[in-house]
Amino acid sequence: MIYLVGTLGFICGFFLGQLLLLRLLRGVSNEELLNNKGLQWKFGMLNWLVALLAAASSVWLYNHYFPV
């Protein structure tokens, strides 16, 4: 069950990261997104970090509220 909670937390965190990127990159042109490698690296890692944090927090919450 813990794997299911972690996976669902990761997926929800990934979608949350995408929504965050949608807000943060609103004024950036498509050409700059495609050509600026520093921008791709910075915001790409931000999305994965949000997904990992959401997965870790969902597992922690599961263990906290449903102890074994």
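Two residues are in contact when heavy atoms of theirs lie within 4.5 Å. By this criterion, and leaving aside residues up to four places away in sequence, Asn47 touches Gly13, Phe14, Gly17, Gln18 and Leu21. The model is a predicted one, in which local features need pLDDT of at least 70 and side-chain atom pairs count only at pLDDT 80 or more, while totals for chains, interfaces and linings use all residues. Residues are numbered from 1 along each chain as its sequence is written, and side-chain values use heavy atoms, with hydrogens and water left out.

The pLDDT, the predictor's confidence in each residue on a scale from 0 to 100, averages 94 over the protein, and 100% of the residues score at least 70. Helices are DSSP runs of H or I with at least four residues, numbered from the N terminus. Among the elements of the protein, H1 has the highest mean pLDDT (97), and helix H2 (residues 30–35) has the lowest (91). Where pLDDT is low, predicted coordinates should not be read in detail.

Helices H1 and H3 pack with their axes 7 Å apart and at an angle of about 145°; axes are lines fitted to C-alpha atoms, for helices over the stretch in contact, and angles run from 0 to 180 degrees between N-to-C directions. The residues of this contact comprise 18 nonpolar, eight polar and no charged. In this division, Ala, Val, Leu, Ile, Met, Phe, Trp, Tyr, Cys and Pro count as nonpolar, Asp, Glu, Lys and Arg as charged, and the others, Gly among them, as polar.

Asn47 belongs to helix H3. Its relative accessible area is 5%, so Asn47 is buried (under 20%; exposed is over 50% and partly exposed in between, with a 1.4 Å probe and protein chains only). Ser58 is also located in helix H3, which covers residues 37–65, and is buried because its relative accessibility is 17%. Apart from residues up to four places away in sequence, Ser58 touches Val5, Gly6 and Gly9. A polar atom of the Ser58 side chain lies 3.3 Å from the backbone oxygen of Val5.

Phe15 is part of helix H1, residues 2–24, and is exposed because its relative accessible area is 55%. Its C-alpha atom is separated by 21 Å from that of Leu34, 19 residues apart along the chain. Leu8 also lies in helix H1; with 46% relative accessibility, Leu8 is therefore partly exposed.

How values were computed:
Helices (H or I, at least four residues) and strands (E, at least two) are DSSP runs, numbered from the N terminus. A polar contact is a pair of N or O atoms within 3.5 Å; within protein, one must be able to donate a hydrogen and the other to accept it, and residues adjacent in sequence count only if both atoms are side-chain atoms.
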